[in-house]
Amino acid sequence: MDLYTLLISICLHECPALLHAGALKAAPLLWASLGGAYSERSGVINIGLEGMMLIGAFAAVAGSGLTGNPWIGLFVGAAAGGLFGLIHALAALQWKANQIVSGMGINIFALGITGFLLYRIFEARGNSPEVTKIPAVHGWEDVPFLSDLFFPFSLLHILLLFALCFTIFIFYRTAFGLRLRACGEDPEVVKAAGVNVSFYRYAAVVISGILAGIGGAQLSLSDVSQFSVGMTNGRGFVALAALICGGWRPGRAAWVCLFLGTAEALGERLTAVFPLIPSRACQVLPFVFALLVLAYKRELAQQPRALGKL
Amino acid sequence: MGKRIAFIPISLFTAFAVTGIFLWINGFSPIAFIRILFTSSWGSATGILLVLTKSALLILTGLAVAIPFRAGLFNIGGEGQMILGALAAALIGALPLQCIGVFHLLLCIIAGILCGSLWGALAGFLKVQRGVHEVIGTIMLNFIAFKAVNELTFGAFSADAGSGRTSFIHESAYMPVLITHGAADTSIGVLISFILAVGLSIVLYRTWFGFEIRAVGENPTASRNAGIAVGWTQFWTLTLGGACAGLAGAIETTGVNHTFYARFTGGLGFDGIAVAFLGLCEPWATIPAALTIATLRASDRALQLDLGAPKEIVFMVEGILIICIAIFTRRRNERNSE
């Protein structure tokens, strides 16, 4: 193969395939990042995203496995995530718990309860049986560039794009979003304006749980079709870091997620092409890069002023 | 004091009550759960040794969270710091240095402490110099440590191809055994961790450095006005926290595993958070707190075998416990955040 054909093949096939794989990997991160944006912009630290994703992933598989309908599974997953969000909100807002400690508690509790329920519902340890997954969309098989770039994707990915646009719209174009962001900057002023700060924060943390739960469902019911113990594997933390790298803005966080996902996909693909490059070493790169970005762009780390304070 | 510690039995009771009810709904006997929990841990000499061995690690990872928290910092990186400490100890321990006798063991431990504190110091540098919040910094450093160590144990440092562990360390690097009973034993790592917990309490309340840590934690602005180098204090407390976690890893390698594999911690680094807060972030109080959590952790296998409940049930107890503690310690947190 001469250089010219190689270049053509890279441009027409490898690059779009890489972007596609990266976008698929970024999707669960972005769900959780969007969730984190609601919670953190309202002033509640949500380190429990990891646990909310995990319970969402499990509940989605349980719902789909018991009813045979993946959409019911998705709904159950979102509801379970929202329930965990409510627990975090109660602890943090009603009882004024330390939000970081409470979030870590949520993570460990989720690990425990999913392992237990996995055994109760599926009589399985470690991995659940395969369940009906959310259908994927194929198409344009004979169009070289576009089919690699866009297909296949699941219907949940379309929902994700809607959720992203909707979140940006809510944040910057509605009174609800303005008030929510104000709660995170200066709750005293918001209170003085006659707005119920608690309501906004409760709503934000529950929405955050729902979105993280859907992110978990994306992992277990769309990317694969089964649940395994601890399958989120730190993605909730990565999503939080992506949110912070994006300066707590949903749009920028989406780009960071896409970057992190693509970097992960690149690591896997590099090893497939050049076996000498260790893929596990490449997995370090997104994290190193995210840290460097955070360290270099100081102003990005301007958090909502009332974050973590009540 | 009385009011401050009243929440501990309440939290423990809540955690066990909620888990018990949950078990009962699902057709398991909560009484049997409690019985197996205690007989498998404190009911036999083997069980007690296991609890002690685990509590050595938990005390140290607890200190890794508790000390920085007294300076107002949240070190979530205990797990990564511990893994690096364990790997460093395993690599030094596998070097053919039998001729230097006990110094081989000392070298291992120092290497572990250095690697752990380096990882803590990195988080401290990012926090103080570059304004990266320490929670995010330590989480990221955790991932970097996990992934890098995973690569190294399967690649460069692998004992034989694909085994996922390093070579066994030489006997000159073994931690001396403190108590032995049948096949079970516990190393002097338990003693080291107990002494360190008490010692750090003394440092915290009887030295300048300890005073600065507490001052920075209580009120950074006032500390700065009083001439305390707030940034340096934060940097050094995170380094100290990393050193504790690194020591935990070194003790686990030299005292228990005698080799290194990436999954050895099983989340014990994160349990440090539970230990630290159960002990109100008082260094000496990490000892009873660690014994409590170690009891849970030591009985998970017995629960799975005898009760038939999956071993993840102990994570439920622990998670509820942490949430309860987060709720009940709020007054202290409010004071710290001012």
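Residues are numbered from 1 along each chain as its sequence is written, and chains are lettered from A in the order in which they are written. Because the model is predicted, local features need pLDDT of at least 70 and side-chain atom pairs count only at pLDDT 80 or more, while totals for chains, interfaces and linings use all residues.

Chain B has 16 helices and 2 strands; these are DSSP runs, with helices (H or I) of at least four residues and strands (E) of at least two, numbered from the N terminus. Along the principal axes, the C-alpha atoms of chain B fill a box of roughly 60 × 55 × 35 Å. Of the 338 residues of chain B, 57% count as buried, that is, 20 or more other C-beta atoms, placed from the backbone, lie within 10 Å of the residue's own.

Strand β1 (residues 177-181) of chain B is hardly covered, with 0 buried among its 5 residues. β1(B) pairs with strand β2 (residues 184-187) of chain B in the antiparallel sense over 4 bridges; pairing requires at least two DSSP bridges. Val177(B) has Ser187(B) in β2(B) as its bridge partner. The hairpin has 2 residues between the strands, and Gly182(B) takes a positive phi near 60°.

The contact between the chains takes 40 residues from chain A and 41 residues from chain B, where contact means C-beta atoms, placed from the backbone, within 7 Å. The table gives the side of chain B that touches chain A by class.

| Class | Count |
|---|---|
| nonpolar (Ala, Val, Leu, Ile, Met, Phe, Trp, Tyr, Cys, Pro) | 25 residues |
| polar (the others, Gly among them) | 10 residues |

Notes: Contact = placed C-beta atoms within 7 Å. Buried ≥ 20, exposed ≤ 12 C-beta atoms within 10 Å, placed from the backbone.
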